[in-house]
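Subject: Structure handover

Hello,

Here is the structure I promised to pass on. Please open it first, then read the notes below.

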Amino acid sequence: MSSTEAAAFNREQAIRIEQQITLQYRFAAGYYATHFFTALREEGKILGSRDAEGNVMVPPRPVNGLSGLPMDEWVEVGPDGVLAGCTIVYVPFIDPMTGVQRPVPYGFGLMRFTGADTSIYHLLDATEPEQIGVGKRVEAVFKPREERTGSLADIRNFRLLD
Amino acid sequence: MSSLPVRAAVVATGQTDHGRRLDASMAEIAREAIDRCLESCGLRFDDIDAVVAGNMEMFEGIYLVDQYFVGALGALGKPLYKLNTGGTVGASAALACYHRVASCRHRRVLGVGFQKQSEGSTQSAITTVGDPVWERAVMAGAIGNFASMASTYIAESGVTQEQAAKVAVKARRYACLNPHAHLKIPDITVEQVLDSEMLAFPIHRLDFCPSSDGACAIVVAAEDLAGDLVEHPAWVHAVATAHDQQYMGDSPKRLAVMRSLQAAAKKAYALAGIEHPLRDFDVAEIYEPASYAELALYENLSFCDMGDGGRLIDEGVTLMDGQLPVNPSGGVLSTNPVGATAMIRVAEAAMQVMGQAGEHQIPDVRRALATGYGGNAWTDIMILSRERPRASAEVSTG
Amino acid sequence: MPGTLTDTWIIGSGEAPTAVTRDDVSITELAWEAVQPALAQAGTTLQQIEGAITASQDFWDGRTISSMSVNEVVGGTLGSEAKVASDACLALGYALSRIEDGDQHLNIVLAHAKESQGDAHTIELAAFDPYFERPLDPDETVVAAFQAQLLYAQGVFTPEHAARVVAAARARSTVLAAVTPEQVLESALTCDPLHELDRAPLVDAASALVISDGDTARRLQRTGVRLVAAASRTGAYWNQRSSTLHDAESAHAAALDALAVAGWQASELDAIEINAPYAHQHLMVGQALGLGDGEELVARFEGDGDGPTLNASGGWLAGSAGSVAGLHSVVAVLERLRASGGRALVHATSGLASQSHHVVLLEVTA
């Protein structure tokens, strides 16, 4: 179609077919995640995987791609840490686990547990930019044992310590 | 063996009029770009030996998308390579075109990147970039990710919201010189950017890229054919790809220190003999999903020292009349159909070398840089030049 | 260049244990299970790997950019990984070109799929034309059934032949139980004339190769397997060839292309592996590759008859997954020819009703 035809195309008459596809998956967490989330659920502990060079990674994994070394040791990290990146979100997103929109504003960012070399994304208990900042100290807020199921949501969010 | 690699050049490009294209199907936008590309070099489908296609299937929800669109892609009865690497896919596809020619497997390869984001749920597709066990449940889309990355970059470099806004202004003004660009805002000002809706601190709506429908096509040809297809082929001098670790929080300083971009740039610069990028490149088309990202890219591409990106935009170094024009096309900030975006960077860089960039042509372009970004800080780089590369025997391997 | 010897070598191979469900591992861990032995066999380490070409599908993984899950275990960290959404034979072809042109020297080729995690019907539904076909809720079996009908109507092959191909494959399987042709024909009709056992069961699988340039292979003293050529052809989308679905001309064209590049005659092949998800597709492809008609071809799948051994590994029908099957055959062929040496052709198909065909040629020196 030439750009003249495109310009003349009557968008009012454009046909758009609505379709929804629902894709269901059962993701196997695997050995490393199962170990991590079991410790989180049962003991409220955060574990990282460590390689022979002493690099500690959260999420834990079989291989540290940077060093090329297997990560076959476990080490406890956190539950406190620092913000490696942070923001306050104003645009409502749908929580993929509930299908419900998250009320805005809310804090979101990368938390680096004390003892770990990497960070993970999670929710922050904050609503104003002034409350947050890279380097600020945070701590994981765990759900009570009876509410924990062995998933990232066992940590409700992170609260600022400063 | 010593006659490989065959030297290869981009000899033609084509793009759709990017935007919200309710008037065209995916097949039609792919053909729009492909037809324009083939027309510009006088080739027909029959002349093409292989096709490389890039599209992120989850966006429009079409599984085996390359197979469905085989006719529109001109790939019937041919080898069809479907690449899928996220935001970098357009560049990954361009690199694959290069490798197919450089290895002497094919002589004329068509690369196509296409995406119709208006047809799917962009946020759902982006959410599935996150690891299902570790990341998806908390993700706040691309915006949350970039805002968090920007905070790390700001903490390291001290760039201000105003400096970022200047990048956003540059992009949308230059887009007005680009007939294909999606978002054109001729009178945009820094104030307008700072007044636009705050999506996630500190990213304003106008700091962020749009969601577009569009396609881009290129032809890469072998050295003995290139000169017959276009007067000034855009010779490929270097290609490089580098990724990071697996999860989004693995790279300690994310946007501030882009490990993968630095690794890829180091390899590509060595291959192409680039020692002072600001001086050695005449134009750069880099993949900046957000205004802050462009400033961080300046630093990580060694256009300036680390932490100094803000100064470049303040001093106008990267304006069209500056020492190194960056994104005269309007960049990703103006146009972002994910499957095509990184190929558009390659195409725009090639257009500059070939002298085909029309109103946004930079004068006397000899060397151009194109970069792709996507996934978890994934990087592709292609360096193009008006000069044919030296023959392989003379080039030291990286 | 056509007729010029390549200097690209397969120096290591490995596979994760395949099973109908690998609930015990994540995709990352599954991939690492394949990569580790490949690295060990190659005599190298992950730190040495410069990059990879991987094969997997976003829809099956439930993940945009499905190779994100494996990137770190294939040398993608600060290395050069790219993913193709197709069978691994296509990935292998791309990997070959990156080594031949001097860009890469030591790479991994990895394919993975966890078919147990997703809903096959809905995933396959998403491959169909959104306007005219999806409202009818089809999946791959429907078009495979049209294809089988057309094939059987030619009068050369029968459903019994297909059942024997399944039985022959299962007899060689280390993952799936043996079945008789009768059991195949008695299994539930999924879509006439296809029975449940006509289709390769869905499994979780990962296969990996370490490939290198000549200098690296010679340094590591691993010059046993040369990667000689790779070729692909894609035919029309199924509804544009609805009356010729049974024609595997693309397989023939891909094979001819690869053989021409290699400078080989088909008669010089010692082993051939054909990979497709449905039994009748093996008959189509075997015929298109000139391996025989009717009873003659089926006998070859069963291990009788002259000429190159056909599907000695059992192929896809013996337990492999989409994206992985071609690579699984490559790994099996390397093992089998290790002692005797020989030339092998590995084929795999991808797409609805075998729309695309991919071929890889290998030379094993004892």
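Arg50(A) has Glu73(A) in S5(A) as its bridge partner. This is a predicted model, so please read everything here as computed from a prediction. The two strands involved are strand S1 (residues 46-50) of chain A and S5(A). They run antiparallel and are joined by 5 bridges.

That pair belongs to an open sheet of 3 strands in chain A. The order is S2-S1-S5, and the pairing is antiparallel. Strand S2 (56-57) and strand S5 (73-77) of chain A stand at the edges. Each has a single partner strand, so one side of each lacks a neighbour in the sheet. In general, strands of a sheet pair through backbone hydrogen bonds, parallel or antiparallel.

Next, the helix H2 of chain A. Helix H2 (residues 30-43) of chain A has 14 residues. At 1.5 Å a residue it should span 20 Å, and its end C-alpha atoms are 19 Å apart, which agrees. Which residues of H2(A) are buried? They are Gly30(A), Tyr32(A), Ala33(A), Phe36(A), Phe37(A) and Leu40(A). These cover an arc of only 140 degrees around the axis, so they sit on the same side of H2(A). An α-helix has 3.6 residues a turn, so residues three or four places apart point the same way. Glu42(A) and Glu43(A), on the other side of H2(A), are exposed. The cover over the buried residues of H2(A) includes S1 of chain A and helix H1 (27-42) of chain C. Just after H2(A) comes Gly44(A), with a positive phi of about 65 degrees.

Pro60(A) ties into this region. Its place is the loop between S2 and strand S3 (63-64) of chain A. Is Pro60(A) buried or exposed? It counts as buried, because it has 24 C-beta neighbours inside 10 Å. Not counting residues up to four places away in sequence, Pro60(A) touches Tyr32(A), Phe36(A), Leu47(A), Gly48(A), Ser49(A) and Met71(A). Tyr32(A) and Phe36(A) are among the buried residues of H2(A). Pro60(A) and Tyr31(A) are 29 residues apart along the chain, and their C-alpha atoms are separated by 9.8 Å.

Now chain B. Its pLDDT averages 95, and 98% of the residues score at least 70. One stretch needs care.

Strand S10 (residues 367-374) of chain B is mostly covered, with 8 of its 8 residues buried. Arg367(B), Leu369(B), Thr371(B) and Tyr373(B) point one way from S10(B). Ala368(B), Ala370(B), Gly372(B) and Gly374(B) point the other way.

S10(B) pairs with strand S9 (residues 283-285) of chain B through 3 bridges, and these two run parallel. There, Glu285(B) stands opposite Ala370(B). S10(B) also pairs with strand S11 (residues 378-385) of chain B, in the antiparallel sense, over 8 bridges. Ala368(B) has Leu384(B) in S11(B) as its bridge partner. S10(B) and S11(B) make a hairpin with 3 residues between them. In its turn, Gly375(B) has a positive phi of about 50 degrees.

Chain B touches both other chains discussed here. Starting with chain A: 38 residues of chain B are in contact with 39 residues of chain A. On the chain B side, helix H5 (122-127), helix H6 (141-157) and strand S5 (198-200) each give two or more residues. H6(B) brings the largest share, 9 residues. By class, that side has 20 nonpolar, 11 polar and 7 charged residues.

The contact between chains B and C takes 52 residues from chain B and 47 residues from chain C. The largest share of the chain B side, 5 residues, comes from H4(B). That side divides into 25 nonpolar, 20 polar and 7 charged residues.

Last, one residue in chain C. His112(C) is found in strand S4 (residues 106-114) of chain C. It counts as buried, because it has 32 C-beta neighbours inside 10 Å. Leaving aside neighbours within four places in sequence, its contacts include Ile27(C), Leu30(C), Val70(C) and Val324(C). His112(C) and Ala16(C) are 96 residues apart in sequence and 9.4 Å apart in space, C-alpha to C-alpha.

Best wishes

Conventions: Residues numbered from 1 in each chain as written. Chains lettered and ligands numbered in written order. Predicted model: local features only at pLDDT ≥ 70, side-chain atom pairs only at ≥ 80, totals over all residues. Contact = placed C-beta atoms within 7 Å. Helix = DSSP H or I, 4+ residues; strand = E, 2+ residues; numbered from the N terminus. Nonpolar A, V, L, I, M, F, W, Y, C, P; charged D, E, K, R; others polar. pLDDT = per-residue confidence, 0-100. Pairing = 2+ DSSP bridges. Expected span 1.5 Å × (residues − 1). Buried ≥ 20, exposed ≤ 12 C-beta atoms within 10 Å, placed from the backbone. Arc of directions from axis to C-beta.
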